[in-house]
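Hi,

Here is the structure I said I would pass on.

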Amino acid sequence: MLLEYYHLEYYVDKLRAENLLVEENLLESANELVKGLEFNSKDVQSGTLFVCKGTNFKKDYLIDAIERGALGYVAETKQVIEEDIPYILVTDIRIAMALLAEIFYNNPQDKLKIIGIGGTKGKTTTTYYVRAILDDYLKAEGKLPAGVSSTITTFDGFEEMEAANTTPEAMDLQKHLAKAVDAGLEYMVMEVSSQAFKYHRTDRLTFDVAIFLNIDEDHISPVEHPDFKDYRASKAKMFKQTKQLIINNETQERDYLFNKAKNADEFYTFSLVAK
């Protein structure tokens with residue numbers, strides 16, 4: 001990817017502007033260029049800004065990242081380590097990740113038409129239906145196929161790989177979008193989970209079109225959503241990030257969802273029965 005690199009101080013300024021900055025100590029590295037952004041220490045190279053994320057994060061991961069050449073780290077709390085290394089503390093690491101990724105990958109979402117597919121059931125099938133329809137159109141126009149991000153695979157224009165999550169973490173997602181832009185793709189079709197909205201993986205994205213299929217009492221558990229109210233609210237976050245929303249007129253929780261649908265720029269309905 002051909003990226004424009006920014007100084008470490010630039011990231012601090014952006015975090016401060018978004019009221020995410022708690023504390024920073026850049027030592028003598030304020031003008032160092034950030035040449036990588038990772039949350040997996042094994043992927044760290046020289047000049048990488050390392051993100052300490054997750055409830056199971058261990059300081060050994062940070063030590064490994066430093067040994068591999070990390071420029072500094074971002075975390076919610078200061079890490080107790082022997083190494084003297086620049087750090088940036090933030091209020092919410094997941095919200096910060098989306099902003100950091102947007103900066104590092106130079107806003108790739110602004111260079112793509114993004115179609116999001118939400119709902120409890122049928123997201124994967126609908127994602128591939130939409131992709132197939134788009135690909136027929138794009139082929140007829142002599143253009144490249146659409147990118148895809150789904151439970152099954154991710155295609156970014158360079159390779160199609162097995163997916164780890166329904167919707168990637170914010171930093172991985174922005175990387176896929178940036179690669180799609182580099183490959184010359186115009187469209188990305190995304191399957192978007194409730195977890196993606198709850199944990200800010202899709203923050204700072206705008207869906208040109210979003211299709212909302214349905215909602216049911218799935219994914220209620222201690223590790224996903226504590227109750228249906230939380231699940232429903234997470235799903236509905238999609239609407240305020242959407243230009244044109246297409247929502248199932250026969251979905252459960254219709255009144256709640258249709259009220260939230262007003263947060264989209266425009267919304268339309270579909271139905272198997274004329275209404």
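**Salt bridges and the rest**

There are 17 salt bridges in the structure, where a salt bridge is a side-chain nitrogen of Lys or Arg within 4 Å of a carboxyl oxygen of Asp or Glu. Before the details, a caveat: this is a predicted model, in which local features need pLDDT of at least 70, side-chain atom pairs count only at pLDDT 80 or more, and totals for chains, interfaces and linings use all residues. Residues are numbered from 1 along each chain as its sequence is written, and side-chain values use heavy atoms, with hydrogens and water left out.

Now some of the bridges. R16 pairs with E24, with 3.9 Å between the closest N and O atoms. R16 is partly exposed at 41% relative accessibility, and E24 is partly exposed too, at 32% (buried means under 20% relative accessible area, exposed over 50%, partly exposed in between, with a 1.4 Å probe and protein chains only).

R204 and E18 form another salt bridge, their closest N and O atoms 3.5 Å apart. That pair links distant parts of the chain: R204 sits in the loop between α6 (194–198) and β13 (207–212), E18 in the loop between α1 and β2, and 186 residues separate them. Helices (H or I, at least four residues) and strands (E, at least two) are DSSP runs, numbered from the N terminus. R204 is partly exposed at 34% relative accessibility, and E18 is partly exposed at 39%.

K243 bridges to D208, with the closest N and O atoms at 3.3 Å. Here K243 belongs to strand β14 (residues 242–248) and D208 to strand β13, 35 residues apart. K243 counts as partly exposed, at 38% relative accessibility. There is also a network of salt bridges linking K53, R94, E169 and R201.

**The sheet**

Five strands make an open sheet, ordered β2-β7-β6-β5-β4, with mixed pairing; two strands pair if DSSP finds at least two bridges between them. β2 (21–25) and β4 (36–38) are at the edges with a single partner strand each, so one side of each has no neighbour in the sheet. On average, neighbouring strands of this sheet are turned by 15 degrees against each other, direction ignored. Axes are lines fitted to C-alpha atoms, for helices over the stretch in contact, and angles run from 0 to 180 degrees between N-to-C directions.

Within the sheet, β5 (residues 48–51) and β6 (residues 72–75) pair in the parallel sense over three bridges, and V51 stands opposite V74 in β6. Helix α1 (residues 8–17) packs on the sheet and touches β2, β5 and β7 (87–90), its direction making about 160 degrees with that of β2. Contact means heavy atoms within 4.5 Å.

**Helix α7**

In α7 (residues 228–236), the buried residues are F228, Y231, R232, S234, K235 and A236. Their cover includes α4 (123–140), α6, β13 and α8 (254–260).

**Overall**

The protein has eight helices and 15 strands. Its radius of gyration is 20 Å, close to the 19 Å that the globule rule gives for 275 residues, so the protein is as compact as a globular protein of that length (taken over C-alpha atoms; the rule is 2.2 Å times the number of residues to the power 0.38). The C-alpha atoms fill a box of roughly 65 × 45 × 30 Å along the principal axes. Of the 275 residues, 51% count as buried.

Cheers
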